[in-house]
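Dear colleague,

I am handing over a structure that I would like you to look at before you read my notes.

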Number of protein chains: 2
Amino acid sequence: MNTLNPLTLNRLMGYYHYIDRHIGRDSDQTISSATLSKLLNIDDTQIRKDLAVIGVKGQPHVGFSSREIVGAIRGVLGFDLSRPAVVVGAGRLGGALASFKDFHDYGLRTAAIFDNNPQKIGQTIGDQVVQPMDRLETVIRDSQAQLGILTVPAHAAQQVADRLVQAGLTALWNFAPTRIAAPDHVSVRHEHLAAGLAELLYHLKNPLSTDAAT
Amino acid sequence: MNTLNPLTLNRLMGYYHYIDRHIGRDSDQTISSATLSKLLNIDDTQIRKDLAVIGVKGQPHVGFSSREIVGAIRGVLGFDLSRPAVVVGAGRLGGALASFKDFHDYGLRTAAIFDNNPQKIGQTIGDQVVQPMDRLETVIRDSQAQLGILTVPAHAAQQVADRLVQAGLTALWNFAPTRIAAPDHVSVRHEHLAAGLAELLYHLKNPLSTDAAT
């Protein structure tokens, strides 16, 4: 299989969520690319191409098996695995992510959550006790964690990222409001919540309906 | 001023966070576009253009006033206002966003948080008591809220969005794992957390260093 790019992955998640929600993951229905196209507002040809790439072949004049689509996407993304992830930063966002029940559904489990604030260490979030930062390397090694989720302040992000990479993680999900650098073998996803918010705030000040006149 | 596009806004947030963090919002230093360019990995000419658009003029061979940059960005984005926002969905993510202390810093305040789960209604999150959904329209009207933050399940998102728009909101920040439609005068920002996660999970299964060979 060729490497799937982010846009393809995004569309695949769209197909997955649509079927999961409206058809059911375990039931099986025939669905045509034309139907998916209309529902998700994605070009018909693009949908057939995406499904072909993950090995799902439709039947001419019949369509695709919803169960086959779901199974292929789960397989490609490893949703049936149970991969340990660690969360660094036990603030509200970190807590929300650490106890995110959908994690399990995406083949992840929270192996540990860390913080350097003595008032947070020892607290329970979901089924995890917040651990001190000096346990980071040991826990990552013992749990064989692969994914690190950063919900630390911007000024701490790079240093934490460096430690996570040094400890062997190969994927970082960064919610700190800053970009972090990592070696080429590490995949990093930045969630720019503040940037998204800035867009909305700008439009609140400059209403969309009058954009043309400003 | 021309309408600023999302990429420009994103870069402006980058300048803002850099100065806020490393120079301080209230101190004043001279900073050159060349320095910012090196620090943020953004083209020098682009930086000067962005700053000119928001009315910040540098002095040749001297640079820009950090205080002037910060002030111009805060002005353009309305960070000194106090705009009411409502959060729909009092799950962990909703709670995290509702009590996000940086909101205040972006000129927002949480006016109310809503849920339809009787077990959540009446609970306190930050300084807000979770309210039932049938209070939505009244609270939006009375608080003159402008921004709605959706942290509801996918299947409820469109219906909630419709109610928020009907009640007069003109900006929606959507964390539900689905796209929502809204009239043209409403600005919508989708945060695709699941899509971001999918990217990372895919790379965990298909390590980046061997992409070329897959």
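How much area do chain B and chain A bury between them? The two chains bury about 5,200 Å² between them, and 68% of that area is on carbon and sulfur atoms; buried area here is the accessible area (1.4 Å probe) that two parts lose on being put together, summed over both. Of the area that chain B buries against chain A, 13% is supplied by Leu200(B), Tyr202(B) and Leu204(B), more than by any other three residues.

Before going further, please keep in mind that this is a predicted model, in which local features need pLDDT of at least 70 and side-chain atom pairs count only at pLDDT 80 or more, while totals for chains, interfaces and linings use all residues. Residues are numbered from 1 along each chain as its sequence is written, chains are lettered from A and ligands numbered from 1 in the order in which they are written, and side-chain values use heavy atoms, with hydrogens and water left out.

Counting contacts (heavy atoms within 4.5 Å), 64 residues of chain B touch 64 residues of chain A. Across this interface there are 2 salt bridges, a salt bridge being a side-chain nitrogen of Lys or Arg within 4 Å of a carboxyl oxygen of Asp or Glu. In a salt bridge between the chains, the side chain of Glu199(B) meets that of Arg189(A) at 2.6 Å, N to O. Helix α9(B), taken like the other helices as a DSSP run (H or I, at least four residues), gives the most to the side of chain B that touches chain A, with 13 residues.

How are the two copies related? A rotation of 180° with 0.1 Å of shift along its axis superposes chain B on chain A, with an RMSD of 0.0 Å, when the copies are fitted by least squares on the C-alpha atoms of residues with pLDDT of at least 70 in both. That is the relation of a two-fold axis. Because 100% of the interface residues of chain B are also interface residues in chain A, the copies meet through the same surface.

Finally, a word on confidence. The mean pLDDT (the predictor's confidence in each residue, from 0 to 100) of chain A is 88, and 95% of its residues reach 70 or more. Over residues 210-214 of chain A, however, pLDDT stays under 50. Where pLDDT is low, the predicted coordinates should not be read in detail. For the complex, the predictor gives an ipTM of 0.81 and a pTM of 0.74.

With best wishes

Terms used
Helix = DSSP H or I, 4+ residues; strand = E, 2+ residues; numbered from the N terminus.
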